[in-house]
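Here's a quick briefing to read with the model open beside you.

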Amino acid sequence: MFKTILFYKYCHISEENLKIIREREISVCKVLGLTGGIIIAKEGINGTLEGKLEQIEIYKKHILSDRHFKKMVIKETTSNGESFPKIKVKIKDEIVSTKLPENIDPLVKTGTHVNAKEVKKMFDTGEEFYVIDMRNDYEIKSGHFKNTVNADWDMKASRDLPKMID
């Protein structure tokens with residue numbers, strides 16, 4: 001049985017730790033036979049990996065043992081073992097390419113977390129709220145919530161966000 005995991009965490013990673021984490025993740029993923037991709041930036045980590053169930057469980061324990069990623073939420077689903085041809089771990093400027101100004105720090109200025117039960121209650125009671133969907137245009141077309149902000153923006157990629165903000 002194969003699983004795919006998806007994870008991201010905004011956190012501060014020093015320049016010297018970027019390279020250390022990159023090399024470590026390449027090695028661990030290769031030893032475990034995992035495929036997929038991980039992006040590491042000074043602002044955090046973003047990854048999607050696939051592998052056999054046992055190896056995925058080992059990887060989850062590994063990544064959550066790192067002080068940067070201790071409380072990271074990891075989502076998972078079953079898969080067929082053929083989603084990715086190899087492992088890629090890259091250091092980039094951002095974990096999600098938004099091209100926002102450097103003075104914007106998602107760890108400092110962020111919204112209030114609303115869990116799934118609270119969102120459902122808001123939908124059920126007809127409370128007015130907006131979902132701002134940061135996915136690109138083809139992901140939006142695959143499905144989105146009613147009244148989602150972005151569905152009619154024609155935003156091609158998250159890096160188009162700065163020109164959409166106004």
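Helices (H or I, at least four residues) and strands (E, at least two) are DSSP runs, numbered from the N terminus. By that count, the protein chain has five helices and seven strands. This is a predicted model, where local features need pLDDT of at least 70 and side-chain atom pairs count only at pLDDT 80 or more, while totals for chains, interfaces and linings use all residues. Residues are numbered from 1 along each chain as its sequence is written, and side-chain values use heavy atoms, with hydrogens and water left out.

**Overall layout**

- How much of the protein chain is buried? Buried residues account for 32% of the 166 residues. Here, buried means under 20% relative accessible area, exposed means over 50%, and partly exposed is in between (1.4 Å probe, protein chains only).

**Strand pairing**

- Two strands are said to pair if DSSP finds at least two bridges between them.
- Strand 1 (residues 2-10) and strand 3 (residues 44-52) run antiparallel and pair over nine bridges. Within strand 3, lysine 52 is the residue opposite phenylalanine 2.
- Strand 1 also pairs with strand 4, again in the antiparallel sense, over six bridges.
- Isoleucine 5 is a handy landmark: its bridge partner in strand 3 is leucine 49, and its bridge partner in strand 4 is glutamate 76.
- Strand 2 (residues 35-41) is antiparallel to strand 3, and seven bridges join them. One of the pairs to look for is isoleucine 40 with isoleucine 45, the latter in strand 3.
- What do strand 2 and strand 3 form together? They make a hairpin, with two residues between them.

**Salt bridges**

- A salt bridge here is a side-chain nitrogen of Lys or Arg within 4 Å of a carboxyl oxygen of Asp or Glu. The structure holds eight of them.
- Take lysine 3 and glutamate 76, whose side chains meet in a salt bridge at 2.5 Å, N to O. Lysine 3 sits in strand 1 and glutamate 76 in strand 4, so this pair ties together parts that are 73 residues apart in sequence.
- Is lysine 3 buried or exposed? Lysine 3 is buried, at a relative accessible area of 14%, whereas glutamate 76 is partly exposed at 33% relative accessibility.
- Arginine 22 is partly exposed at 27% relative accessibility, and glutamate 23 is partly exposed at 44%.
- In another salt bridge, the side chains of aspartate 124 and lysine 120 meet at 2.7 Å, N to O. Both residues lie in helix 3 (residues 116-125), four residues apart, about one turn of the helix. Aspartate 124 and lysine 120 are both exposed.

**A positive patch**

- Lys86, Lys88, Lys90 and Lys92 gather on the surface in a patch of positive charge.
- What goes into a patch? Patches are made of residues with over 30% relative accessible area and no salt bridge, with like charges joined within 9 Å and nonpolar side chains (Val, Leu, Ile, Met, Phe, Trp, Tyr) joined within 5 Å.
- For charge, Lys and Arg count as positive and Asp and Glu as negative, while His and the chain ends are not counted. The place of a charge is taken as NZ of Lys, CZ of Arg, CG of Asp or CD of Glu.
- Accessible areas come from the Shrake-Rupley method with a 1.4 Å probe, and for residues only the protein chains shown count as cover.
- Where is lysine 86? Lysine 86 is in the loop between strand 4 (74-79) and strand 5 (87-91). Lysine 86 is partly exposed, with a relative accessible area of 49%.

- Glycine 47 is in strand 3 and is buried, with a relative accessible area of 3%. The C-alpha atoms of glycine 47 and isoleucine 74 are 9.6 Å apart, with the two residues 27 apart along the chain.
- Glutamate 15 belongs to helix 1 (residues 15-32) and is partly exposed at 47% relative accessibility. Glutamate 15 and lysine 42 are 27 residues apart in sequence and, C-alpha to C-alpha, 6.7 Å apart in space.
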